[in-house]
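Please study the sequence and the model shown below. The paragraphs that follow lead from one residue to its surroundings.

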Amino acid sequence: MTQPDPAASAASAAFDKARAGLWTSLQKHLQTVYAAETDFRAATRFTETFPFPTSAATPQQLLDYQHQRAVLRDLFVDETSQLDTLVKAIRTKGYAEADKKLLLLMILGYLDLAETVFSLLNTHRPSQPEPDEELDEARSRFERVRNFVRLNIRGVAGLKI
């Protein structure tokens, strides 16, 4: 009989722990993203037309909107930075390529779900938006991360991206 390889068992256990941790973390992050979406949508109930003229809202509604937009925007910037760091960390780990692809596939799923919320920053806005270089940079970084993840999970059997 063959003896189990202790190094392979340790690597498998490390990967299983990383996968479970990533799953738990992504679920928590999605809860935060969805809570921010709920609050942001509540702050835009004063109109059904986007982009909207600022005259469509009362000063208090605009204040509420600006606050919730800032919350969602800051969450987007933070999430993008964390995802970039996480993807780089996965890339450098000693996991098998198939295991790395599985982790990246989990992240891609999160990216796609989160983007549906963060895209509200582009659509649910005033007709005359303020320039925001940090948000523009976060959008570019988010796209780079997503494109990198998609590129690196190519070859997963049965997956079309």
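**From one valine to the core**

V149 touches V87, L104, I107, L108 and L111, leaving aside residues up to four places away in sequence; contact here means heavy atoms within 4.5 Å. The model is predicted, so local features need pLDDT of at least 70 and side-chain atom pairs count only at pLDDT 80 or more, while totals for chains, interfaces and linings use all residues. Residues are numbered from 1 along each chain as its sequence is written, and side-chain values use heavy atoms, without hydrogens and water.

V149 also belongs to the largest nonpolar core, which has 38 residues; L72, I107 and V149 touch the most other members. Such a core is a set of buried Ala, Val, Leu, Ile, Met, Phe, Trp, Tyr and Cys residues joined through side-chain atoms within 4.5 Å, and buried means under 20% relative accessible area (1.4 Å probe, protein chains only). The largest share of this core, ten residues, comes from α3. Helices are DSSP runs (H or I, at least four residues), numbered from the N terminus.

How does α3 pack with α2? Their axes are 11 Å apart, at an angle of about 170°. Axes are lines fitted to C-alpha atoms over the stretch in contact, and angles run from 0 to 180 degrees between N-to-C directions. α2 is therefore roughly antiparallel to α3, a label for angles over 145 degrees. Among the residues making this contact are L72 and V87 of α2 and L104 and I107 of α3.

Elsewhere, P51 lies in the loop between α1 and α2. The peptide bond from F50 to P51 is cis, with omega near -10°, whereas most peptide bonds are trans.

Conventions. Buried < 20%, exposed > 50% of the residue type's maximum accessible area, 1.4 Å probe, protein only. Helix = DSSP H or I, 4+ residues; strand = E, 2+ residues; numbered from the N terminus. Parallel < 35°, antiparallel > 145°, perpendicular 65-115°, else oblique.
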